[in-house]
Amino acid sequence: MIALYIILGILLLLFLISLIRVQVYAQYTDTLTLTLRVLFVTIKLLPAKEKKKKPEKKKAPEKKKTEEKKPKKEEKEKEKKQSYLSKLKEKKGLSGLLSLFTSVAKIAAGMLKSILSHVVIKKLDVGIALSGEDAASVAVSYGKVCSTLYPAVNVISSVMVCRDYNVVVEPVFDPDKPTQVYADVHAYLRIIFVLAAAIKAAVKLLIVRIKL
């Protein structure tokens, strides 16, 4: 019975974790506003708050260290710097090091792709009003923006789950009006998918390390 309760407890915990969403709200008009929300906690990332400058404290004069202690510290630092990568290079050579970097890059790319495929874009509104000195310059700018923006949105909608998006580019044939850009994005990701992708990546990295 105790084992059954433990299994049920783990399943309940996973279920509760699966309900947690990391939500991102982004808006742009003149400035970019970026807000992160997890459960009832809201964190405003942008615009960043200006940090108050603290008065500089006068540093006490450093005591001169004896020359005998320096070599010992340098030796300890050299021992610490003998990391896994340096040991791998000595053992397997440059090819082994490059093989590790390639494997890590592939695992990281796979993890990122797995996470992005579970990102849900609930709202994606982009509006651009293009202005210029004359009709010819507006037409050229309009063609450039459309050829870049629409393919980018198509890539996003193919990689992520895009439920609602609206992209509008309008030419404004009035030199007195400035070009205006508006964007409003709301996306979220369930934490369970991030944890699953991280566990898979960790297992793959462990296998790579064992093989090397």
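Two strands are taken to pair if DSSP finds at least two bridges between them; helices (H or I, at least four residues) and strands (E, at least two) are DSSP runs, numbered from the N terminus. The structure is a predicted model, in which local features need pLDDT of at least 70 and side-chain atom pairs count only at pLDDT 80 or more, while totals for chains, interfaces and linings use all residues. Residues are numbered from 1 along each chain as its sequence is written, and side-chain values use heavy atoms, with hydrogens and water left out.

Strand β1 (residues 21-28) pairs with β2 in the antiparallel sense, over 7 bridges. Within this pairing, Gln27 stands opposite Thr33 of β2, and a hairpin of 3 residues joins β1 to β2. On to strand β3 (residues 41-46), β2 again pairs in the antiparallel sense, here over 5 bridges. Val38 has Val41 of β3 as its bridge partner. The β2-β3 hairpin has 2 residues between the strands, and Leu39 in the turn has a positive phi of about 55°.

## Thr35 in strand β2

Thr35 lies in β2, which spans residues 32-38. Thr35 counts as buried because its relative accessibility is 16%, buried meaning under 20% relative accessible area, exposed over 50% and partly exposed in between (1.4 Å probe, protein chains only).

Contact denotes heavy atoms within 4.5 Å. Neighbours within four places in sequence aside, Thr35 is in contact with Gln23, Val24, Tyr25, Thr42, Ile43 and Lys44.

## The largest nonpolar core

A nonpolar core is a set of buried Ala, Val, Leu, Ile, Met, Phe, Trp, Tyr and Cys residues joined through side-chain atoms within 4.5 Å. The largest such core has 16 residues, of which Val126 and Leu149 touch the most other members. At least two residues of this core come from each of β4 (120-131), α4 (135-159), β6 (165-172) and β7 (180-190). β4 supplies the largest share, 5 residues.

With neighbours within four places in sequence left aside, the contacts of Val126 are Leu149, Asn166, Val167, Val168, Tyr182 and Ala183.

Met1, Ile2, Leu4, Tyr5, Ile6, Ile7, Leu8, Ile10, Leu11 and Leu14 make a nonpolar surface patch of about 1100 Å². Patches consist of residues with over 30% relative accessible area and no salt bridge; like charges are joined within 9 Å, and nonpolar side chains (Val, Leu, Ile, Met, Phe, Trp, Tyr) within 5 Å. A salt bridge is a side-chain nitrogen of Lys or Arg within 4 Å of a carboxyl oxygen of Asp or Glu. Accessible areas come from the Shrake-Rupley method with a 1.4 Å probe; for residues, only the protein chains shown count as cover.

Leu8 is placed in helix α1 (residues 2-19). Leu8 counts as partly exposed because its relative accessibility is 46%.
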